[in-house]
Amino acid sequence: MERFWEVLQTRAILFDGAMGTELLRAGLPQGACPELWNVDRPDAVREIHRSYFAAGSDAVLTNSFGGNWVKLAAHGLEGRCYELNFAAARLAVSAKRAGGYAGGSMGPTGKFLKPQGEYEERDFEEAFAVQAEALSAGQVDFLLVETMYDLREALCALRAARRVSRLPAFATMTYNRTPRGFFTLMGNSVRQCVQELEAGGAAALGANCTLDSAEMVELVAAIKKETRLPVLVQPNAGQPVLEAGDAVSYSQNVEDFVRHVPALIASGANIVGGCCGTTPDYIRRMAGIVKPS
Ligand SMILES: [Zn+2]
């Protein structure tokens with residue numbers, strides 16, 4: 001990772017775009033467990049990683065977003081947590097090109113901590129610890145706690161990652177825009193998230209999902225004001241639009257998405273990529289901006 005931090009001093013680092021929507025395009029049935037494809041359809045997953053590296057990504061993220069065992073339990077797969085995450089790591093690592101990186105994705109449980117939900121912090125921490133251990137054993141280069149809507153849960157994941165792994169751990173929250181500023185679903189402010197994630201040992205932090213690339217510009221500036229750590233941003237390609245036959249498209253096309261990338265970087269983003277609805281096409285166009293040849 002030494003070279004990663006060096007490059008970051010000279011230009012923005014480019015992550016990948018969406019995994020979930022690409023898996024659906026590759027034929028993953030709606031409602032099926034995406035992580036199961038790490039074992040059942042490894043070639044399809046590896047191909048998505050390769051398509052992002054070919055598009056210019058410096059780093060790709062493993063197909064393990066829902067790989068903590070609380071989330072896997074929804075599919076009856078909690079007993080396969082280690083196996084599915086280890087396989088996810090091996091696939092991303094096997095797709096790496098020279099100078100490329102693989103990051104271990106750790107998304108939310110989809111459940112709530114007490115008193116809103118039935119879980120204790122130690123439950124979440126244990127669920128994330130198994131995942132972080134498997135991703136690290138599979139030799140990813142860093143871990144990314146992402147799309148967190150509850151700061152307490154993000155801190156559980158970060159603690160777990162730091163406890164079982166020596167890899168750098170990054171963290172992104174997902175925020176809604178309100179008249180009073182940006183807040184997570186659980187009401188955490190930007191300042192609170194940045195301060196506590198930083199204190200929790202995050203090596204880079206930022207935001208992803210929910211907001212499009214235009215809306216993220218203001219959010220990145222708000223995050224940058226609170227931290228000296230590298231800021232990471234992965235906007236959605238706008239909002240999902242339901243089409244005929246259950247298909248979903250996204251409201252922000254490539255042109256409109258990439259138009260705001262220079263402003264994201266000018267606002268302080270050090271690592272950029274895409275979330276829901278972005279594809280290798282979006283990343284190819286971002287590469288032209290981030291690292292013009
Ligand atoms: Zn998203």
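Residues are numbered from 1 along each chain as its sequence is written, and side-chain values use heavy atoms, with hydrogens and water left out. Because the model is predicted, local features need pLDDT of at least 70 and side-chain atom pairs count only at pLDDT 80 or more, while totals for chains, interfaces and linings use all residues.

The protein chain contains 13 helices and 12 strands, where helices (H or I, at least four residues) and strands (E, at least two) are DSSP runs numbered from the N terminus. Its radius of gyration, taken over C-alpha atoms, is 17 Å, close to the 19 Å given for 293 residues by the globule rule (2.2 Å times the number of residues to the power 0.38), so the chain is as compact as a globular protein of that length. The C-alpha trace spans about 45 × 45 × 40 Å along its principal axes. Of the 293 residues, 54% are buried; buried means under 20% relative accessible area, exposed over 50%, and partly exposed in between (1.4 Å probe, protein chains only). Among contacts (heavy atoms within 4.5 Å) with a separation of 6 or more, 77% join residues 24 or more positions apart.

The zinc ion is held by four protein donors, defined as N, O and S atoms within 2.8 Å of the metal (3.2 Å for Na, K and Ca); water is not among the atoms, so sites may look incomplete. The donors are Cys209 (SG), Asn236 (OD1), Cys275 (SG) and Cys276 (SG), at 2.2 to 2.6 Å from the ion. The angles among the four donor atoms run from 91 to 129°, and the site is tetrahedral, a label given to four donors if all angles lie between 85 and 135 degrees. Along the chain, the donors have the spacing C-x26-N-x38-C-C. Cys209 belongs to the loop between β8 (204-208) and α10 (213-224), and Cys276 to the loop between β12 (269-272) and α13 (280-290), so this pair ties together parts that are 67 residues apart in sequence. Cys209 is buried, at 13% relative accessible area, whereas Cys276 is partly exposed, at 24%.

Ser267 is placed in the loop between α12 (261-266) and β12. This serine is buried, with a relative accessible area of 19%. Apart from neighbours within four places in sequence, Ser267 contacts Val217, Val220, Ala221 and Lys224. The C-alpha atoms of Ser267 and Leu219 are 8.9 Å apart, although 48 residues separate the two in sequence.

Technical notes: Tetrahedral: all angles 85-135°; square planar, octahedral: opposite > 155°, others 65-115°.
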